[in-house]
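Please look over the sequence and the structure before reading on.

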Amino acid sequence: MTVAGLEITPTSFENVFFEVDQIDAVARRLIDQIGLEVDVRIEVDESTPLAKVRLTSLDPVVLAVESGALEDNRRPRQFGDTQAADALGRALLKVSDRLDRSFGAPSLDEQPALPHAVAWDIYAAGRLTRLGYPPQRQRRVYAFELRHGFTDAALAAFEQLWTAEALTWSDIVAISDETRSVIDAA
């Protein structure tokens, strides 16, 4: 499968030492592995070292990416393949979820509750790991536990999300809510 079109802006960088070809290579590999057949535009904001990636449109797919999401953790302002694959991969897997009507994702206008967003991120990160990318599992466990409690139930829910092959948005919300109910009951 190949992507219908991939556009990366800007075409050159002044504040970071990135090359468009580096971003293009990582993004194309991910798009092919995920099986997306849509136009994708990646808009990099190099004015901030923050690392947020936001989906701003589905038609065409537009990812607004803060340059810190693509930066090597050990070399400031340098491109990091691993970090870029992680950030773009999780975002593109969520795009795939959103394009699948049976998944039932919230609209782009809806802001999911933070615990639900974290649970969805865990589901995406687990699938990204199965595509052969570094897992960063402990980092993900900690992020999940911060929102769902430091309990055995939270670890079991994390494992369920991390290893799942085919969940829906309703499944993710139910797993998150059930896990949070354990800490709310305590």
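## Helix α3 against helix α4

In this predicted model, helices α3 and α4 cross with a left-handed sense. Their axes come within 9 Å and cross at roughly 160°, with α4 covering residues 137–148. An angle over 145 degrees counts as roughly antiparallel, and α3 and α4 are therefore roughly antiparallel to each other.

On the α3 side, the residues that meet α4 are Leu 114, Pro 115, Val 118, Ala 119, Asp 121, Ile 122 and Ala 125, while α4 brings Arg 140, Ala 143, Phe 144, Arg 147 and His 148 to the contact. By class, the contact of α3 with α4 is made of eight nonpolar residues, one polar residue and three charged residues.

## Helix α2 against helix α3

Helix α3, which spans residues 114–130, also packs with helix α2, residues 81–99, and here the two axes come within 9 Å and cross at roughly 105°.

The contact of α2 with α3 counts eight nonpolar residues, one polar residue and seven charged residues.

## The largest pocket

Which helix gives the most to the lining of the largest pocket? Helix α2 does, with eight residues, and β3 (53–58), α2, α3 and α4 each supply at least two residues of this lining. The pocket has a volume of about 1100 Å³.

In total 32 residues line the largest pocket, and those lying nearest its centre are Lys 52, Val 53, Arg 90, Lys 94 and Asp 121. Divided by class, the lining of the largest pocket holds 15 nonpolar, six polar and 11 charged residues.

## The second largest pocket

The second largest pocket has a volume of about 150 Å³, and its lining consists of Gln 33, Ile 34, Leu 93, Ser 96, Asp 97, Arg 127, Arg 130, Leu 131 and Glu 165. Helices α1 (20–34), α2 and α3 each supply at least two of the lining residues, and α2 gives the most, with three. By class, this lining has three nonpolar, two polar and four charged residues.

How many cavities of 30 Å³ or more does a search of the whole structure find? The search finds one, and the largest cavity contains about 30 Å³ of space.

Its lining is formed by Asp 86, Ala 125, Leu 128, Thr 129, Pro 134, Pro 135 and Arg 140, with the largest share, three residues, coming from α3. Four of the lining residues are nonpolar, one is polar and two are charged.

Definitions and conventions
Residues are numbered from 1 along each chain as its sequence is written. This is a predicted model: local features need pLDDT of at least 70, side-chain atom pairs count only at pLDDT 80 or more; totals for chains, interfaces and linings use all residues. Side-chain values use heavy atoms; hydrogens and water are left out. Axes are lines fitted to C-alpha atoms, for helices over the stretch in contact, and angles run from 0 to 180 degrees between N-to-C directions. Helices (H or I, at least four residues) and strands (E, at least two) are DSSP runs, numbered from the N terminus. Ala, Val, Leu, Ile, Met, Phe, Trp, Tyr, Cys and Pro count as nonpolar, Asp, Glu, Lys and Arg as charged, and the others, Gly among them, as polar. On a 1 Å grid over the protein atoms alone, a cavity is a set of points where a 1.4 Å probe fits but cannot get out, and a pocket is an open set with protein on both sides within 12 Å along at least five of seven lines; lining residues have an atom within 4 Å of a point. Grid points are joined across faces, edges and corners, and a volume is the space filled by probe spheres set on the points. Angles under 35 degrees count as roughly parallel, over 145 as roughly antiparallel, 65 to 115 as roughly perpendicular and the rest as oblique. A crossing is left-handed if the near helix is turned anticlockwise from the far one by less than a right angle, and right-handed if clockwise. Contact means heavy atoms within 4.5 Å.
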